[in-house]
Structure formats: C-alpha cells, structure tokens
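Here's a quick tour of a few spots worth a look in this model. Have the sequence and the structure open side by side as you read.

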Amino acid sequence: MSRIDFLNTPMDSLTMADTVKHIESQVIKGDFTQHVVVNVAKLVHAQKDTVLADSIKACDIINIDGMGVVWGARLCGHTVPERVAGVDLFHELLAMSAKNEFPVFLLGAEDNVVSQTVDNVKQQNPTLTVAGYHHGYFWDDEEAVVNMIRASSAKLLFVAITSPKKENFINKWQDKLGVDFVMGVGGTFDVVAGKVNRAPKWMQDNGLEWFYRIIQEPGRMWKRYLITNSKFAWLLIKEKAK
C-alpha cells in the first residue's frame, strides 16, 4: 500500500477496488485488520485530540473519505487516486462478505435503526449472514457487548457510532472483539435504514456533502461545519506554505 502523511496524519492512497481486495485477502488469511476513514472534521479534531490521533495511527488501513481531504492532499503534492467513502465501502464489503460467506456483525445507532439496517442489507445481499447486531448505547457495559461480538463468530464488524467514540472503542478492544476486520462507519446505518438522506451524487463529487447536511439539520450542523472547515482551511494554508 502507498501511505502518505498529511497534516500529521497517515493515510493510504488507495482506490476502492484496491481497498476491498486487500481487506478480502486479510480476512481470508485470518489476519486482524483495523480500519478507519478520515474526513475534514476528523482530521481537524486529531490535531489536538491525541487519543483520537493515536487511534487513527493504530489502524492498518486509513482511507480518505472526504473530497476536502482529497483536494487538500493533492494541493500539497500527494498522489491520491480517489475518495473512498465509508458508506460506499460498507456496501462493497457487505457484497464481498456475501460472496465469501463471511458472517458480519453490525454495532451502533438506535435499536430500531440498526434492526432496519439489518433488514435492508439482507434484502440487498440475500446470501449475507448477519451473525448479530446491537444498538450503540452500551457504554455502561462495553465488555458485555465485546463478549457478544466475539461469541457471534463474525468475521467483519461495522461500528456506527460518532467520532471519536468509535475510533477509541475499536482501538481499545481490537483483537478482543474476535473478528478479522473492524471498521467504523459513522452515520452509515442512518442512511441505509432510510432515516437520513445522502447527498446527491453531484454534491458528493464536488465536496458539498457538508452543505447538504446543513440543509437537512441547520440548527445542529451549521456551527460544526463552519468551525471545522475554517480550521481546515487554515491548516491547509500553513501546510502549503511549508
């Protein structure tokens, strides 16, 4: 894999096809793989949140999810072939798991959302084995959920919890989860379950998903994106000036 370092954060310069092929190979071999995606918000927070930064650096695959990061890295001279969006990778890995008969576990979101996500992904992938699922509100007894995941015999685990909780949870438990692959998927279950609409393709391709989320939830999102996007622009100016 071709790894770059951008804004003090390691990232893998991979295509979607390369990523899926590598993960498939690792699962077949039974080698534990910890995965994460980085976007503008996560990159900004990792500059000061050392626990999050360490959780990212501990990962075996670090995909670039976010056109802002793709463009920023390219502007600073790095070769980045394409964006590997977490929600798209999730679907690709489910299809790959169905083909190889790899059981999966879905963890996160509200109880009704994760159960609807299970129903929808099984409709999309009829041969997929969902070894188990659990909502994302289990912080009073993390170990019980970890034991549940391990007992399920799942090979792939998808964690739909907000950052930095999911990155730190994954990094904390790692091989105790008993899976061969673990990936944080953020708000993906909300999209798959139909609770939240994803931005149109043209907005995704032009780095405007953040704007679409502001349109959907202006009261909650405008300040978050204003701050993170402004900080990212400043970090980019300083990086380019080096």
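Start on the surface: W210, F211 and I215 make up a nonpolar patch with about 290 Å² of accessible area together. Patches here take residues with over 30% relative accessible area and no salt bridge, joining like charges within 9 Å and nonpolar side chains (Val, Leu, Ile, Met, Phe, Trp, Tyr) within 5 Å. A salt bridge puts a side-chain nitrogen of Lys or Arg within 4 Å of a carboxyl oxygen of Asp or Glu, and accessible areas are Shrake-Rupley values with a 1.4 Å probe, where for residues only the protein chains shown count as cover.

This is a predicted model, with local features needing pLDDT of at least 70 and side-chain atom pairs pLDDT 80 or more, while totals for chains, interfaces and linings use all residues. Numbering runs from 1 along each chain as its sequence is written, and side-chain values use heavy atoms, leaving out hydrogens and water.

W210 itself sits in helix α11 (residues 209-216); helices (H or I, at least four residues) and strands (E, at least two) are DSSP runs numbered from the N terminus.

Now for two glycines in loops. G136 falls between β6 (130-134) and α7 (142-152), and G186 between β8 (181-184) and α9 (188-192). Skipping residues up to four places away in sequence, G136 touches G108, A109 and I161, with contact meaning heavy atoms within 4.5 Å.

Relative accessible area sorts residues into buried (under 20%), exposed (over 50%) and partly exposed in between (1.4 Å probe, protein chains only):

| Residue | Relative accessible area | Class |
|---|---|---|
| G136 | 6% | buried |
| G186 | 21% | partly exposed |
| W210 | 32% | partly exposed |
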